[in-house]
Amino acid sequence: MSTQPIIKKAIAYVTKKDELMVFTHTDFPEAGVQVPAGTVEESEEPSEAVLREIYE
């Protein structure tokens with residue numbers, strides 16, 4: 001049985017009053033509307049990764 005690596009993800013739900021931050025990728029419109037999210041790099045804490053994803 002092969003063991004697959006664990007990939008950690010960070011997801012942010014950023015709100016202001018009753019609004020939710022969402023976006024679409026201009027290069028990948030087929031991905032649809034998304035919230036900031038991505039992979040936690042090996043050298044990062046999840047809290048650092050989520051802030052990086054929000055910024056990106």
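**View A. Ile7 in the segment before strand 1.** Ile7 lies in the segment that precedes strand 1 (9–11), strands being DSSP runs of E of at least two residues and helices runs of H or I of at least four, numbered from the N terminus. With a relative accessible area of 59%, Ile7 is exposed, where exposed means over 50%, buried under 20% and partly exposed in between (1.4 Å probe, protein chains only). Ile7 and Glu42 are 35 residues apart in sequence, and their C-alpha atoms are 9.4 Å apart in space. The model is predicted, so local features need pLDDT of at least 70 and side-chain atom pairs pLDDT 80 or more, whereas totals for chains, interfaces and linings use all residues. Residues are numbered from 1 along each chain as its sequence is written, and side-chain values use heavy atoms, leaving out hydrogens and water.

**View B. The largest nonpolar core and Val40.** Ala10, Ala12, Val40, Ala49 and Val50 form the largest nonpolar core, a set of buried Ala, Val, Leu, Ile, Met, Phe, Trp, Tyr and Cys residues joined through side-chain atoms within 4.5 Å. Apart from neighbours within four places in sequence, Val40 is in contact (heavy atoms within 4.5 Å) with Lys8, Lys9, Ala10, Glu45, Pro46 and Ala49.

View C. In helix 1 (residues 46–55), the buried residues are Ala49, Val50 and Glu53. Because they cover an arc of only 95 degrees around the axis, they are on the same side of helix 1, the arc being that of the directions from the helix axis to the C-beta atoms. Leu51 and Tyr55 are exposed on the other side of helix 1, while the cover over its buried residues includes strand 1 and strand 4.
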